[in-house]
Amino acid sequence: MKKILEVRGLSKIHGQGCAHCYESTGPEMDTNLCPHCGSVVAAHGVSFELHAGEILGIMGESGSGKSTVVKTLFFDDAPSAGEAVFFDGEQQRSLFALNAAEQRWLRNHRFGMVYQNPHLGLNFNVSAGGNIAERLLMSDLTHYGQIRERASMLLARTEVLPERMDESPKQFSGGMQQRVQIAKALATQPPLLFLDEVTTGLDLSVQARILDLILEIQQELRTAMIVVTHDLGVIRLLAGRTLVMKYGRVIESGLTDQILEDPQHAYTQRLVASAL
Amino acid sequence: MQAILKIEGLSKHFQLHDQNKLIPSCANVDMAVYSGALSALVGPTGAGKSSVLKCVYRTYLPSAGRMLFRDAAGHVTDLAQASEYRMLELRQSEIGFVTQFLHCLPRKSALDVVAAPLVARGDILENAQEKARELLRLLNVPERLWAVPPATFSGGEKQRVNLARGLIARPRLLLLDEPTASLDPATTDRVVDLLKVIKAEGVAMLAIFHHPELVRRLADRVVELAPPVAVTDLLENCAS
């Protein structure tokens with residue numbers, strides 16, 4: 001299997017930071033707030049690799065730093081330290097060393113992101129079809145007819161009625177908004193997709209269909225994905241390997257069935273034991 | 001003859017941090033599994049029979065010991081130390097696991113559940129489904145159920161779907177944890193016949209059977225596991 005992403009020592013501090021931030025925070029200290037300078041250590045020393053077509057789960061409670069990891073990789077947020085290499089065909093791109101234009105190009109052409117909050121992923125002032133068109137335009141498709149055709153195809157694929165493509169996502173249900181986000185993310189057929197709590201807050205039946213859709217896409221397109229969630233069911237269903245995070249650190253990683261059936265860390269044992 | 005899997009000194013215990021407890025399971029297991037033969041694990045409840053299988057599949061992390069697996073190319077991997085990617089690769093192409101219970105994606109038809117291992121390996125969907133039909137027919141799963149998700153099936157029907165899924169990719173090593181536990185005698189006979197065919201084709205099997213009769217009918221080797229070590233002994237051993 002081909003490696004598509006390698007992350008080494010990724011760290012993110014919100015605040016000015018000080019020399020004691022890392023040693024004063026983490027699972028052992030039971031906090032991610034530095035007592036010396038008041039900064040929040042959202043992530044520290046996060047390392048992992050991702051192979052083409054693989055789904056990696058990142059599991060943890062609110063504040064564990066799991067979303068921070070994907071936000072830095074998608075350039076929504078700049079890391080404080082660390083390195084991430086994206087293997088793009090023959091090329092290797094060191095993500096955090098790229099300039100803003102290069103980062104934008106990768107976001108538009110090679111990466112996709114689906115946020116928990118559809119307001120972050122969609123522009124509610126334009127139609128559902130327009131949202132997808134925006135992304136297609138940025139990826140150099142300029143013919144109006146072609147864009148419309150492709151947008152309608154993508155919406156059909158994610159089970160949004162193409163007849164509604166000219167409506168604003170405002171008028172859609174939460175589940176449909178997530179589908180439009182997925183269609184938009186997939187518009188450029190990116191080899192790497194980030195999914196941040198995409199089913200959180202949706203009805204169970206709607207959740208189920210979104211998860212089915214994600215799996216179908218992974219099988220059809222062999223898209224590599226990083227799935228961030230606090231939901232063990234989602235992890236079990238989607239991810240082959242899983243990282244468990246707490247207070248910004250990866251405390252345990254392994255094959256998903258092993259993490260769920262034979263967790264090693266006290267915290268993971270508690271998480272698994274408290275699952276419904 | 002070379003073993004496809006050689007287990008040396010395998011032990012597994014669970015450390016429950018919150019309760020500050022060590023729960024012993026299998027201890028000091030030595031055994032070998034050969035191509036075209038079935039090794040049966042026997043022993044009292046709690047001796048850790050299922051734990052051995054789960055350690056081999058790496059659903060459990062072994063606490064001690066080696067599990068040397070010889071792959072199709074002749075390379076030997078210690079499954080206790082193998083990387084996650086290596087394990088995923090072996091699960092996809094060489095090591096299959098059929099448990100008592102069917103864990104599968106909800107909302108997928110029985111046919112697709114059975115075909116999934118081949119699809120995951122990159123086979124064309126139509127071919128995979130054709131093979132799935134063949135196996136479901138062979139295992140007596142009524143055709144009217146093929147398009148239905150197995151969630152609503154009876155225990156016996158689920159188990160047959162489970163078996164079909166485990167057998168379809170013809171792994172070189174098949175782990176079986178009571179694969180006939182809820183089957184009627186006629187279907188059990190079919191499963192026994194099928195396992196004999198697969199064995200004759202050269203598949204190595206490591207199995208747990210509830211009924212001693214099945215061990216007699218299928219096993220070429222029997223390995224008896226000792227009852228679990230008392231917790232205090234284990235603690236002393238760990239301390240020493």
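Student: Which strand order does the open sheet of four strands in chain A have?

Tutor: Strands of a sheet pair through backbone hydrogen bonds, either parallel or antiparallel. Here the order is 2-1-4-5, with antiparallel pairing; two strands pair if DSSP finds at least two bridges between them. Strands (E, at least two residues) and helices (H or I, at least four) are DSSP runs, numbered from the N terminus. This is a predicted model, in which local features need pLDDT of at least 70 and side-chain atom pairs count only at pLDDT 80 or more, while totals for chains, interfaces and linings use all residues. Residues are numbered from 1 along each chain as its sequence is written, and chains are lettered from A and ligands numbered from 1 in the order in which they are written.

Student: Which strands of chain A stand at the edges?

Tutor: Strand 2 (40-51) and strand 5 (91-94) of chain A each have a single partner strand, so one side of each is left without a neighbour in the sheet.

Student: Over how many bridges do strand 1 and strand 4 of chain A pair?

Tutor: Strand 1 (residues 3-14) and strand 4 (residues 81-88) of chain A pair over five bridges, in the antiparallel sense. A:Leu5 stands opposite A:Phe86 in strand 4 of chain A.

Student: How many residues of chain A are in contact with chain B?

Tutor: In chain A, 18 residues are in contact with 15 residues of chain B (C-beta atoms, placed from the backbone, within 7 Å). Helix 7 (204-221), strand 10 (249-255), helix 9 (256-261) and helix 10 (266-273) of chain A each give two or more residues to the side that touches chain B.

Key
Contact = placed C-beta atoms within 7 Å.
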